[in-house]
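Please have the sequence and the model open as you read.

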Amino acid sequence: MSYLDELFGLSGQTAVVIGGAGVLGGALCAGLSQAGARIIVADLTEDACKARVAALEQLGGQAGYCLVDVTRRESIENLLAESLRQAERVNILVNCAGVNVGSSFLEATDADWERVMAVNLRGVFQACQVFGRHMIEHGGGAIVNIGSVTSHLPLSRVFAYSASKAAVLNLTRNIAQEFAPLGVRVNAICPGFFPAEQNRRLLDQQRIDNIMRGTPMKRFGEPEELVGALLLLVSPRAGSFITGTHINVDGGFTAAWF
Ligand SMILES: NC(=O)c1ccc[n+]([C@@H]2O[C@H](COP(=O)([O-])OP(=O)(O)OC[C@H]3O[C@@H](n4cnc5c(N)ncnc54)[C@H](O)[C@@H]3O)[C@@H](O)[C@H]2O)c1
């Protein structure tokens with residue numbers, strides 16, 4: 001085995017990727033799979049999950065899927081139970097489900113606020129609890145929550161999303177402290193701007209121009225550019241002393257703000 005395989009290889013490990021059928025989740029599934037992990041794709045719709053599994057299998061990976069709605073605790077508990085039917089234990093959890101709603105603060109409805117918080121924040125809370133308990137009882141593991149540049153700063157017209165992602169980062173640090181002595185590491189990745197469906201709906205030309213002005217690298221990210229950070233954080237060897245922190249993968253966006 002090469003030194004790099006030893007450092008970053010995940011063979012024998014099982015990773016559950018919630019939101020794994022999405023754009024960024026898909027790249028994260030592929031990266032984990034290429035590193036040798038068995039993947040369980042967890043998302044809302046069967047067709048999207050099946051398509052993701054087929055793509056992973058085509059790359060030579062081992063993958064299965066389970067439908068989940070992270071807004072419902074029993075659905076997350078079912079995901080754990082189904083994961084344990086497909087694999088002996090879960091070593092890695094990636095919380096990558098997310099939704100966004102754009103409006104001014106005054107126009108926002110309670111329903112928009114509740115939906116964003118239920119998926120982006122309560123979903124992460126519940127999944128970390130359900131899978132965290134499992135990992136603690138079965139020899140440890142690694143959890144990565146997907147934050148955003150809005151974990152650090154409030155972007156206009158996506159205030160509920162910004163608040164949810166700031167809370168995800170805070171929650172990540174908090175859970176990491178409680179889980180550290182119990183063998184589970186908890187970290188976050190804060191992506192900058194990546195071309196994905198939920199962005200396309202919200203980004204007009206003026207907003208794209210603003211993002212480009214604020215991004216020192218002057219481009220969007222490619223989903224595959226998140227994989228290196230993920231492998232570092234989940235690897236039991238490369239990431240063994242890393243917990244309660246985050247990696248910004250944002251072309252310098254946050255560096256330009258602080
Ligand atoms: N695209 C970006 O620029 C960007 C930047 C920063 C952070 N993020 C975050 O990255 C993550 C992935 O986003 P994406 O850009 O790939 O968007 P996406 O819409 O392609 O993926 C999100 C996935 O979450 C799933 N999902 C939504 N509600 C769910 C629920 N209740 N239960 C289970 N799954 C649910 C969707 O079905 C979808 O597959 C999100 O958390 C998002 O906030 C994205």
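Let us begin with Arg157, which is partly exposed at a relative accessible area of 45%. Here buried means under 20% relative accessible area, exposed means over 50%, and partly exposed covers the range in between, with a 1.4 Å probe and protein chains only. Before going further, please note that this is a predicted model, in which local features need pLDDT of at least 70 and side-chain atom pairs count only at pLDDT 80 or more, while totals for chains, interfaces and linings use all residues. Residues are numbered from 1 along each chain as its sequence is written, and side-chain values use heavy atoms, with hydrogens and water left out.

Which residue does the side chain of Arg157 meet in a salt bridge? The partner is Glu107, at 3.9 Å from N to O; a salt bridge here is a side-chain nitrogen of Lys or Arg within 4 Å of a carboxyl oxygen of Asp or Glu. This pair links distant parts of the chain, 50 residues apart: Glu107 sits in the loop between strand 4 (92–95) and helix 5 (110–137), and Arg157 in the loop between strand 5 (141–146) and helix 6 (159–179). Helices (H or I, at least four residues) and strands (E, at least two) are DSSP runs, numbered from the N terminus. Glu107 counts as exposed, with 54% relative accessibility.

The backbone of Arg157 also deserves a look: its phi is near 70°, a positive value in a residue other than glycine. Lys218 has a positive phi as well, near 55°, and is likewise not a glycine. You will find Lys218 in the loop between helix 8 (205–214) and helix 9 (227–234).

## Ser103, a buried loop residue

Ser103 belongs to the loop between strand 4 and helix 5. Is Ser103 buried or exposed? Its relative accessible area is 9%, so Ser103 is buried. Leaving aside residues up to four places away in sequence, Ser103 touches Ala108, Arg157, Val158 and Phe159, where contact means heavy atoms within 4.5 Å.

## Other salt bridges

How many salt bridges does a search of the whole structure find? The search finds five. One of them joins Arg85 and Glu82, whose side chains meet at 2.9 Å, N to O. These two residues are three apart in helix 4 (residues 73–86), and are therefore separated by about one helical turn. An α-helix has 3.6 residues a turn, so residues three or four places apart point the same way. Arg85 counts as exposed at 59% relative accessibility, whereas Glu82 is partly exposed at 21%.

Glu74 and Arg72 form another salt bridge, with their closest N and O atoms 3.1 Å apart. Both residues also take part in a network of salt bridges that links Asp69, Arg72 and Glu74. Glu74 is partly exposed, with a relative accessible area of 48%, and Arg72 is partly exposed too, with 38%.

Ten of the twelve residues are buried, so helix 2 is largely enclosed by the rest of the structure. Among the buried ones are Leu24, Gly26, Cys29 and Ala30. Just after helix 2, Gly36 takes a positive phi of about 110°.

Arg52 lies in helix 3 (residues 46–58). Not counting residues up to four places away in sequence, Arg52 touches Gly20, Ala21, Gly22, Gly26, Cys29 and Val41. The C-alpha atoms of Arg52 and Ala30 are 9.1 Å apart, with 22 residues separating the two along the chain.

## The whole chain

Stepping back, the secondary structure comes to nine helices and seven strands. The C-alpha atoms fill a box of roughly 50 × 40 × 40 Å, taken along the principal axes. For 258 residues, a compact globule would have a radius of gyration near 18 Å, and the 17 Å of this chain agrees; the radius is taken over C-alpha atoms, and the globule rule is 2.2 Å times the number of residues to the power 0.38.

Buried residues make up 51% of the 258 residues. Among contacts between residues at least 6 apart in sequence, 73% join residues at least 24 apart.
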